[in-house]
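Thanks for coming. I will take one model today and go through it site by site. Please have a look at it first.

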Amino acid sequence: MRTRTPLNDGWLFRPDFDDALVAPDAAEDGFARVRLPHTNLELPFNNFDETASAFVSCYRRHVHLDAAALAGSRVRLCFEGVMAAATVFCNGRLAGEHLGGYTGFDVELTGLVTAGDNVVVVAVDSTERPDIPPFGGVIDYLTYGGIYREVQLEILPEAFIADLCVRSAPTGRGRSLSLVLTVDNAPRTAADLVAEVALTGPDGDVASHRFPVRLGEDPSPSFEAGFEAPGVQLWDLDSPVLYTVVTMLLADGEPVDVHSFRTGFRDAAFTPDGFVLNGRPLKLRGLNRHQSYPYVGYAMPRRAQRADAEILKGELGVNIVRTSHYPQSRHFLDACDELGLLVFEELPGWQHIGDAGWQANALADVEAMIRRDRHRPSVVLWGVRINESADDDAFYAASNALAHRIDPTRQTGGVRNFENSHLLEDVYTYNDFAHRGDNEPLKTKAAVTSHAAPYLVTEHNGHMFPTKKFDTEERRTEHALRHLRVLEQAYATPGVAGAIGWSMTDYNTHAEFGSGDRVCYHGVLDAFRLPKDAAAAYASQADDGVYLAVSSRMNPGELDEAKIGRVYVFTNCEAVRLSLGGEVIGTHLPDRTRFGHLPHPPVVIDDFIGDRLVREQGLSPAAAAGVKRLLAAVVRYGDKALPLRHQADGGLTMLRHGLSRDDVVALYNRYVSGWGTPSREYTFEGLVGGEVVCSTTLGPSHSAALVVEPDVTSLVEDETYDVCRIVVRHVDTLGHDLPYSTEAVTVEVDGAASLIGPAVLPLLGGSTAFWIRSDGVGPISISVGSQRLGRHRLTLQSTGNG
Ligand code: GAL
């Protein structure tokens, strides 16, 4: 029977390589002990030389094998991700090589290992080699370096299950499954075996099927079979039902190998009219994800990978993610399957297409991606064109044919950024950066392609409007609105399957891109996964739960000319009631005029006066209405540039009601704003069915405290170390983050964990976060704080998985 053992601990690492290090008896004193996932170099948050991690390094590990386990067995190492090229040696001899940092690979050690101690050495080339995608041109992201995903050791029988491909089709009563079993029988052992495939779901065993497997001279024979699975439940966004497929090879009734994976059953199709899931039209609302994190780049284990899917689905309410621009961690994709989050997964690349050898490597990436992930119900589209590359019909005919051959059940897309591109894919996937704030949010499909094919917007915004968490309120609001306008347009246009925004988070990049500090500030979240205002554009569209975020802090001095003109409430509530100093001044409905196609249009408020002119100033209702019109026009155009119609309307109001210019200026200063006017406390209440379901109060406030919140209180050492994010926020007396807090905090971590990144952290836009990494089992003490705001002490626990 096969065994699969995580091999993530006990590695030795040094940041250089030479051939002498391959020898089993090479000196080990120049090595540091590391655990996987590992980055070859920890980087600062920003302002670094991105070529610093481009070097060849050496990983080394002793692997002890029992004679009993070895007898009649095959041994292989399974690497999930090594950036960018790996050469693997075992006991001084070459065992295998892999080019490409985003796809896993297996290296067979059979014949190279012996009972007892064995030495595995991996030379890891993290330079941007032009023969390996995505390299050869420029790329707007960093690729980092190292063995940055997990590794397993497998002991296998001589003939083992290499793959089981399951396809399903609906029947009246459930699904009919067709199977292709492939056996790796490199030793060409003759045997008469039986395969038993069993499908198990949430309610237990569903169906199973046995068929003969006759092995002979073919080193890689395939066997086809099929069976009916009655009553299976469909996987969907709200009910992501998963099934397990377990395959056993039996010799004389005794199991000799077992292989299993999870899957789900759903019918997904991009059509010219839009996307359809299980027969139901679904507008896709998504974000692009890069798999990078501050300091450690790509090297993050399970919990952090899963957390991104939880944030996308749970906090941002999106229904699709694009794994831009490469296949991502199985942990992230597992969470997408479990949570009900659709995935558009694509091959590694960025604009550049290399020579024939490079293209062969790209096709190998396509194959590895699809073979790894073709049973995932979350994956609904394969990206088989290098992101934003030029047309190359021969190359893309090959990538499409390959994808369709290995997975005829899913459609392909190919992300381009120009019009009238040749369409070799099933879906015309297009990065639409048309929106500049004051124009059409998206191009029409007809302007982009004459093909009648399905159409999906795969990027928007991004570099068109980079926005930092600590930018001005006006810019942060416009960032949110630009995302919202694109979503509105996508919802409004029947032939657009949806829109996937650029991007989920800020990310490190090369010098050619970003803000000069090696960061692209394109995220709706910052690099620590903390929300910018644009996160509200997405979060407010979710139907689950209650969401309300106000675009302004209601501090007039933050805004140009000290005017709070218009405030957007991003909410899924039915109405918003506004009060000032405890008195209701108006109830406002979602803006269905400008955002009528969104599931939840924002509530736009530009009346902060209500009936106070009547109540407080004794104006007649008609006079109050006229004055409000005039004040609103002054806010909009400024008093020097009032359009004639407003001048006339305002003049008439003043004349009719005996108001002088000074009277109007005084009313403006009191009710609208003016330089030096005190800010006031406003409360925004979200209403559903006439009831208040949430509320937030904004206005004058000052520093109250640091809030320190760990994502979890217990870390679990399992396949490898665990991580936990700890969020630090400087909040005001009303409970909101202080967006311009520059407080610096210091962090100390003791016990069974260590800090990732620096121990002195400035808050960025009022908050930041750090991760700790478990170093074993036991209590973890964390102290976070500043001189001014005091220290917080937390105790977390790191446990083993048993
Ligand atoms: C696109 C590209 C992305 C990112 C984005 C920034 O052209 O595909 O990787 O660079 O622009 O807006």
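Which residues does I726 touch, not counting residues up to four places away in sequence? Before I answer, a word on the source: this is a predicted model, where local features need pLDDT of at least 70 and side-chain atom pairs count only at pLDDT 80 or more, while totals for chains, interfaces and linings use all residues. Residues are numbered from 1 along each chain as its sequence is written, and side-chain values use heavy atoms, with hydrogens and water left out.

Now the answer. I726 touches V708, E709, P710, T768, A769, F770, I772, I782, L794 and L796, where contact means heavy atoms within 4.5 Å. I726 sits in strand β42, residues 723-732; strands here are DSSP runs of E with at least two residues, helices are runs of H or I with at least four, and both are numbered from the N terminus. I726 counts as buried because its relative accessibility is 0%. Buried means under 20% relative accessible area, exposed means over 50%, and partly exposed is in between, with a 1.4 Å probe and protein chains only. For distance in the chain against distance in space, take I726 and D639: they are 87 residues apart in sequence and 49 Å apart C-alpha to C-alpha.

Next, the ligand. It is surrounded by 13 residues, and the closest are D140, H325, E388, E459 and H463. A residue counts as near if one of its heavy atoms lies within 4 Å. The shell divides into four nonpolar, six polar and three charged residues. In this scheme Ala, Val, Leu, Ile, Met, Phe, Trp, Tyr, Cys and Pro are nonpolar, Asp, Glu, Lys and Arg are charged, and the others, Gly among them, are polar.

How far is a polar side-chain atom of D140 from an oxygen atom of the ligand? The distance is 2.4 Å. For E459 the corresponding value is 2.7 Å, and for an N or O atom in the side chain of H463 it is 2.5 Å. A polar contact is a pair of N or O atoms within 3.5 Å; within protein, one must be able to donate a hydrogen and the other to accept it, and residues adjacent in sequence count only if both atoms are side-chain atoms. On its own the ligand has 310 Å² of accessible area, and the protein covers 94% of that. Those areas come from the Shrake-Rupley method with a 1.4 Å probe; for residues, only the protein chains shown count as cover.

H325, one of the closest residues to the ligand, is also joined to S324 by a cis peptide bond, with omega about -10°. H325 is in the loop between β24 (320-323) and α3 (330-339). Another cis bond joins M83 and A84, with omega about 0°.

On backbone angles, most residues other than glycine have a negative phi, and most peptide bonds are trans. Y295 has a positive phi, near 70°, and lies in the loop between β23 (284-288) and α2 (302-315). Y295 is buried because its relative accessibility is 4%. M554 also has a positive phi, about 65°, and M554 is buried as well, because its relative accessibility is 0%.

That is the tour. Questions, please.
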